[in-house]
Amino acid sequence: MIHFHRVSLEYPSTKTLALYNINLEVKKGEFVFLVGHSGAGKSSLLSLILKRFDPTSGAVYVNGQNLKTLKGNRIAQHRRRIGMVFQDHRLLAGLTVEENLAFVLRVLGVPKGEWRDRITRVLRTVGLVHKKRAYPYQLSVGEAQRVAIARAIIGNPSIVLADEPTGNLDPDNALAILEVFKAIHARGATVVVATHSRELVEAYPQRTIVLRSGQIVRDEKGARYNL
Ligand SMILES: Nc1ncnc2c1ncn2[C@@H]1O[C@H](COP(=O)(O)OP(=O)(O)OP(=O)(O)O)[C@@H](O)[C@H]1O
C-alpha cells in the first residue's frame, strides 16, 4: 500500500539530509508506529506520503502509483484519500463540531443527504456525539483532538497518518486517542502514527519503525525499542 524505494530527502533551503536511503513497505491494513528523536525525520517521511515534497532521490509509491508522476488535480485527489491528524487539532474556530465535519464532506463532494448519518457515525467512533453543537473553544484539548480524528476519517480514507497526535495530551487522554486509532485499524485502514510516546507504543504493541538521523535503524513488531 505504501512503498519507499531507496528514498532520500534533502531540504534545498538548508541542505539538511532529512531522510537517507529509506526502504519501506507498509501493507494494507497494517498499523505502524514511527518513533525517533526530534529531528529524526518522522514528519518528513509522512510529508512524502502526502506528496508535500518529492524525494530528492528514490521513489514513493502509494497503491502502486509512483507519487512523482502525479500532477495537478491528481495530487489533490491523492491527498483526499488520506486522513491526516496533526499535533494541534486545526479545527475551524468559527464552526461547530458538526459544521467542521460538514465542511470536509462538502469539499469531498458527498451528497448533502448523507451528511447527518456520516457525521453521527464518526462522532460515535470518537465518543463525542453529544458535543456536535459545541465550538472548538468549548472542547477540552483531548476532545478537540478526537474531533480532528473524526474529521480525518469522515471521508473513509484507506490510509490514516498522524504526526504526534497525543503530543499535547496527558496520559489518560493519550490512551483515549489510541483507542480511536485502534478502532480505525480494526476497520481495516492502514494507520501510521509518528510519536515520541513510549506509553503509546507499549499500550498497543504493533510494528514499530525507529528512525535515527534520517535512517531506519529498527523495524520490528513489539513494544520494546531504544531510540
Ligand atoms: N521545511 C524544512 N526545511 C528545512 N529543513 C527541514 C524542514 N523540515 C524539517 N527539516 C529538517 O529535517 C530534519 C528532519 O525533520 P523532521 O521534522 O522530519 O523530524 P521529526 O522526527 O518529525 O522531528 P520532531 O519529532 O521534532 O517533529 C531535521 O533536521 C529538520 O531540522
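## Helices α5 and α6

In this predicted model, helix α5 passes helix α6 in a right-handed crossing. Helix α5 covers residues 141-153, and its axis comes within 10 Å of the axis of α6. The two axes cross at roughly 15 degrees. Angles under 35 degrees count as roughly parallel, and α5 and α6 are therefore described as roughly parallel to each other.

On the α5 side, the contact is made by Gly 142, Gln 145, Arg 146, Ile 149 and Ile 153. On the α6 side, the residues are Asn 173, Ala 176, Ile 177, Val 180 and Ile 184. Sorted by type, the residues of this contact are six nonpolar, three polar and one charged.

## Helices α3 and α5

Helix α5 also packs against helix α3. The axes of α3 and α5 come within 9 Å and cross at roughly 25 degrees. That angle makes α3 roughly parallel to α5. The crossing of α3 past α5 is right-handed.

From α3, the residues Val 97, Asn 100, Leu 101 and Val 104 take part. They meet Val 147, Ala 150 and Arg 151 of α5. The contact of α3 with α5 consists of five nonpolar residues, one polar residue and one charged residue.

## Helices α3 and α4

Helix α3 spans residues 97-108 and helix α4 spans residues 115-125. These two helices pack at an angle of about 120 degrees, with their axes 10 Å apart. That angle makes α3 oblique to α4. Here, too, α3 passes its partner in a right-handed crossing.

In α3, the residues in the contact are Glu 98, Leu 101, Ala 102 and Leu 105. In α4, they are Trp 115, Arg 118, Ile 119 and Val 122. Six of the residues in the contact of α3 with α4 are nonpolar and two are charged, while none is polar.

The domain assignment of the chain gives two domains. The C-alpha centres of domain 1 and domain 2 lie 24 Å apart.

The contact between them takes nine residues from domain 1 and eight residues from domain 2. Which helix gives the largest share of the side of domain 1 that touches domain 2? Helix α6, residues 171-186, supplies five residues there, the largest share. By type, the side of domain 1 that touches domain 2 has six nonpolar residues, two polar residues and one charged residue.

## Around the ligand

How many residues surround the ligand? The shell contains 13 residues, and the closest are Tyr 11, Ala 18, Ser 38, Ser 43 and Ser 44.

Two elements, strand β2 (16-26) and helix α1 (42-49), each supply at least two residues of the shell. Helix α1 gives the most, with three residues. Nine residues of the shell around the ligand are polar, three are nonpolar and one is charged.

Technical notes
Residues are numbered from 1 along each chain as its sequence is written. This is a predicted model: local features need pLDDT of at least 70, side-chain atom pairs count only at pLDDT 80 or more; totals for chains, interfaces and linings use all residues. Axes are lines fitted to C-alpha atoms, for helices over the stretch in contact, and angles run from 0 to 180 degrees between N-to-C directions. Helices (H or I, at least four residues) and strands (E, at least two) are DSSP runs, numbered from the N terminus. Angles under 35 degrees count as roughly parallel, over 145 as roughly antiparallel, 65 to 115 as roughly perpendicular and the rest as oblique. A crossing is left-handed if the near helix is turned anticlockwise from the far one by less than a right angle, and right-handed if clockwise. Two residues are in contact if their C-beta atoms, placed from the backbone, lie within 7 Å. Ala, Val, Leu, Ile, Met, Phe, Trp, Tyr, Cys and Pro count as nonpolar, Asp, Glu, Lys and Arg as charged, and the others, Gly among them, as polar. Domain bounds come from an automatic or database domain assignment. A residue is near a molecule or strand if its C-beta atom, placed from the backbone, lies within 6 Å of it.
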